[in-house]
Amino acid sequence: MLAQRSLTAQQVVDPIRKNAGVPWQPLSLDTFKAGDPATPVTGIATTGMATMDVLTRASKDKTNLVVTLEPTFFGRLDAQPDPVAGAGRGVGRGQASVSADDPVYAAKREFIRRNELVVWRFTDHWRGRKPDPFATGLAGVLGWTKYQVGDDVFRYDVPAVTLTTLADELAKRLKARAGIRVIGDPQTRVRRIALLPGVSTLAAAMKSLPECDVLLAGETREWESVEYAQDTVASGQKKGMIMLGRVVSEEPGMNVCTGWLKALVPEVPVRWMAAGDPYWGPA
Amino acid sequence: MTATDVVERIKKNLGIPWNEQTTRDTFKAGSPDTEVKGIATTFMATLDMIQRAHAAGLNMVITHEPTFWNDQDKVQDLAADPIYKFKVEFCTKNNMVVWRFHDNIHARRPDLIWVGLVRALGWTDRAAGPNQRSFTLPPTTLGALAADVTKQLGSRALRVVGNPDARVSTVALAMGYGMPRVSPDIDVVMGGENPETGGPFDDSEYVLDAAALGKNKGQIILGHAISEEPGMEDCANWLRTFITETPIQFVRAGEPFWSPKAGSR
């Protein structure tokens with residue numbers, strides 16, 4: 001049997017760029033964050049966040065290319081220059097990213113170097129895909145695909161369930177811990193669910209909540225969608241909102257990415273490696 | 001006295017010149033000319049809180065955070081929303097007035113919102129120095145610290161990052177929409193509300209990785225309400241020192257969230 005010449009990390013990224021389904025933007029955050037792009041790839045792990053824990057598991061699993069949705073080095077820019085010079089996105093403009101001599105930053109870089117890992121970020125373009133992979137991914141992990149309402153990947157009509165049972169079920173299926181927080185009467189029965197994975201706006205909550213019973217959101221602001229959901233409940237409506245956290249809500253979207261990559265680079269093993277809920281609650 | 005009279009009295013007693021530039025500290029609902037039967041201070045004028053203030057016979061709400069779900073309390077796009085109509089009609093029908101007290105209460109010295117948080121934590125004597133936002137506590141574990149903070153602040157949905165067994169002593173504290181940045185001399189960063197990731201510097205991922213590398217670091221996310229509500233009790237106490245004509249009560253908006261039991265700790 002002929003030994004198959006393995007692809008380099010760059011040779012994995014090239015077809016991703018060509019097939020992303022949206023035109024590749026030259027100045028995006030979707031770049032190599034650590035490691036040598038010429039490294040032969042033994043396996044690919046997709047994840048919501050390339051934490052030390054994920055990198056350690058990937059390394060043990062002989063999986064040396066990590067494709068991450070969120071940053072590796074503790075900030076939007078991953079300690080790299082802003083791809084769009086002088087065009088900070090408003091959030092925290094002017095605030096410094098992690099410094100190069102930070103001990104945690106240095107140790108993480110060293111771990112990646114020593115284990116010959118490569119980290120590549122896939123956020124700006126993966127977010128542009130249709131249908132929305134975060135919605136289909138979340139529904140898939142929850143077993144709700146069959147409950148989708150028409151062609152709207154953000155809407156699901158599930159068998160009626162109390163808010164408390166639903167929250168428990170979500171915690172179990174998503175392996176979430178204290179990251180799950182709920183607004184509404186635990187005994188309220190809900191059926192019509194809208195997904196708002198990731199960060200969502202007041203406008204999104206105001207559009208979705210009147211049309212359904214419960215919003216399943218990632219991250220929203222306490223003085224915006226949270227207060228709107230509280231007021232909806234206080235006005236007498238039998239509704240609620242469940243916040244899952246940013247990473248927990250979006251990570252299933254990287255499971256969708258795993259499926260997509262398997263078809264795109266069939267010569268390389270690809271697996272989903274969830275970073276998990278970063279939060280625990282005190283006893 | 002009218003709601004305007006109350007606000008004028010507050011301006012006079014603030015201790016610093018009133019910031020006239022603020023678009024936050026203004027009337028949000030009801031008429032400023034309304035005769036005040038009683039004042040309710042709170043973290044956020046949620047519909048539920050306004051209903052309870054009304055039931056207690058208090059018709060002027062002094063709220064720290066917005067009433068209509070956005071920082072500027074802009075309502076142009078809300079007119080058709082049924083919940084907006086419900087909230088406005090409740091206020092109108094019951095002669096309720098809502099006024100926001102945010103920028104100026106933070107600007108005065110001491111900042112009453114800060115004083116309230118530190119008081120509620122029981123850390124008033126533990127500040128590292130005057131005007132310091134860091135605290136040195138008797139050495140404990142992150143788990144024990146988080147449990148103590150939960151008890152002190154009465155939280156049901158506090159979130160923690162880091163190893164529960166990590167030995168910790170120094171804490172940097174922030175309130176509201178704020179989280180201190182991790183630094184070498186600080187074991188635990190604690191704040192109200194913050195983006196989980198994608199900011200200039202992400203504490204959660206940093207602490208997660210620091211813990212994985214065996215470092216004694218922790219992050220405690222209190223929630224916006226939990227971190228700023230105590231200060232509105234201090235606000236009520238302060239108002240009583242110069243407003244004696246009308247009853248003044250602290251009426252909690254309360255923590256908006258609960259956590260499911262199945263969320264493993």
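**Two chains, piece by piece**

Modeller: Let's start with chain B, where the domain assignment gives domain 1 (3-109 + 227-250) and domain 2 (114-222); such bounds come from an automatic or database domain assignment. This is a predicted model, where local features need pLDDT of at least 70, side-chain atom pairs count only at pLDDT 80 or more, and totals for chains, interfaces and linings use all residues. Residues are numbered from 1 along each chain as its sequence is written, while chains are lettered from A and ligands numbered from 1 in the order in which they are written.

Colleague: What distance separates the centres of domain 1 and domain 2 of chain B?

Modeller: Contacts between the two domains involve 7 residues of domain 1 and 11 residues of domain 2 of chain B, where a contact means C-beta atoms, placed from the backbone, within 7 Å. The domain 1 side of that meeting place has 2 nonpolar, 2 polar and 3 charged residues. Here Ala, Val, Leu, Ile, Met, Phe, Trp, Tyr, Cys and Pro count as nonpolar, Asp, Glu, Lys and Arg as charged, and the others, Gly among them, as polar. Taken over C-alpha atoms, the centres of the two domains of chain B are separated by 30 Å.

Colleague: And in chain A, which helix gives the largest share of the side of domain 1 that touches domain 2?

Modeller: Chain A is split into domain 1 (9-129 + 250-272) and domain 2 (133-244), with centres 29 Å apart over C-alpha atoms. There, 8 residues of domain 1 of chain A are in contact with 10 residues of domain 2 of chain A. The largest share of the domain 1 side, 5 residues, comes from helix H9 (residues 252-264) of chain A.

Colleague: Which helix of chain B gives the most to the side that touches chain A?

Modeller: Between the chains, 55 residues of chain B are in contact with 55 residues of chain A. Several elements of chain B supply at least two residues each, including helix H3 (82-93), strand E6 (159-161) and helix H8 (224-240); helices (H or I, at least four residues) and strands (E, at least two) are DSSP runs, numbered from the N terminus. By class, this side of chain B has 27 nonpolar, 14 polar and 14 charged residues. With 7 residues, the one that gives the most is H7(B).

Colleague: Is B:Gly223 buried or exposed?

Modeller: B:Gly223 sits in the loop between strand E9 (218-221) and H8 of chain B. Leaving aside neighbours within four places in sequence, its contacts include A:Glu222, B:Ser155 and B:Phe257. A residue is buried if 20 or more other C-beta atoms, placed from the backbone, lie within 10 Å of its own, exposed if 12 or fewer, and partly exposed in between. B:Gly223 has 23 C-beta neighbours inside 10 Å, so it counts as buried.

Colleague: How many residues does the largest nonpolar core have?

Modeller: A nonpolar core is a set of buried Ala, Val, Leu, Ile, Met, Phe, Trp, Tyr and Cys residues joined through C-beta atoms within 7 Å. Among those with the most contacts inside the largest core are A:Val66, A:Ile242 and B:Met60. Not counting residues up to four places away in sequence, B:Met60 touches B:Ala3, B:Val6, B:Val36, B:Ile39, B:Val97 and B:Trp99. The number of residues in this core is 168.

Colleague: Which strands stand at the edges of the 6-strand sheet in chain A?

Modeller: This open sheet has mixed pairing and the order E5-E6-E8-E9-E10-E7 (chain A); two strands pair if DSSP finds at least two bridges between them. E5(A) and E6(A) pair in the antiparallel sense over 2 bridges, while E9(A) and E10(A) run parallel, joined by 4 bridges. Each edge strand has a single partner strand, so one side is left without a neighbour in the sheet: strand E5 (148-149) and strand E7 (181-183) of chain A.

Colleague: In the hairpin of E5(A) and E6(A), which residue takes a positive phi?

Modeller: One bridge in this pair puts A:Gln148 together with A:Tyr156 in E6(A). The hairpin has 2 residues between the strands. The residue with a positive phi, near 55 degrees, is A:Gly150.
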